[in-house]
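Notebook, side-chain contacts. I wanted to look up the charged pairs and the ring pairs in this model.

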Amino acid sequence: MTDVPGFEFRTSSACTYENNNPRCIEVATNVPGKVAVRNSVTGRAVEFTAVEWSDFLTGAKLGEFDLSA
């Protein structure tokens, strides 16, 4: 999905620029019940329900997605 009308995206505070090459994601939470996440360079986006997004954030905070050494 690339076109997500109605969403107002904001850039992640973890966005970094290396040699003018941004590595960023943008998140929009302004549409009730939905969350959209897009790549700031390509504009490609995916959409989640609010429940899916909440479950993802919970898992991330608990280390569910941490890479093994």
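I call a residue buried under 20% relative accessible area, exposed over 50% and partly exposed in between (1.4 Å probe, protein chains only). The model is predicted, so I kept local features at pLDDT of at least 70 and side-chain atom pairs at pLDDT 80 or more, while totals for chains, interfaces and linings use all residues. Residues are numbered from 1 along each chain as its sequence is written, and side-chain values use heavy atoms, with hydrogens and water left out.

Entry 1, salt bridges. I took a salt bridge as a side-chain nitrogen of Lys or Arg within 4 Å of a carboxyl oxygen of Asp or Glu. I found 2 in the whole structure. Arg38 meets Glu26 at 2.4 Å, N to O. This pair joins strand β5 (residues 34-39) to strand β4 (residues 25-28), 12 residues apart; strands are DSSP runs of E, at least two residues, and helices runs of H or I, at least four, numbered from the N terminus. Arg38 is partly exposed at 27%, whereas Glu26 is buried at 12%. I then noted Lys34 with Glu47 at 3.5 Å, N to O. Lys34 lies in strand β5 and Glu47 in strand β6 (residues 45-49).

I counted 4 aromatic pairs. Phe48 and Trp53 are tilted, 5.9 Å centre to centre with 40° between the planes. Rings of Phe, Tyr and Trp (its six-membered ring) pair with centres within 6.5 Å; planes under 30 degrees apart are stacked, over 60 edge-to-face, the rest tilted. Trp53 is buried at 18%. Ring pairs link Phe48, Trp53, Phe56 and Phe65 into a cluster.
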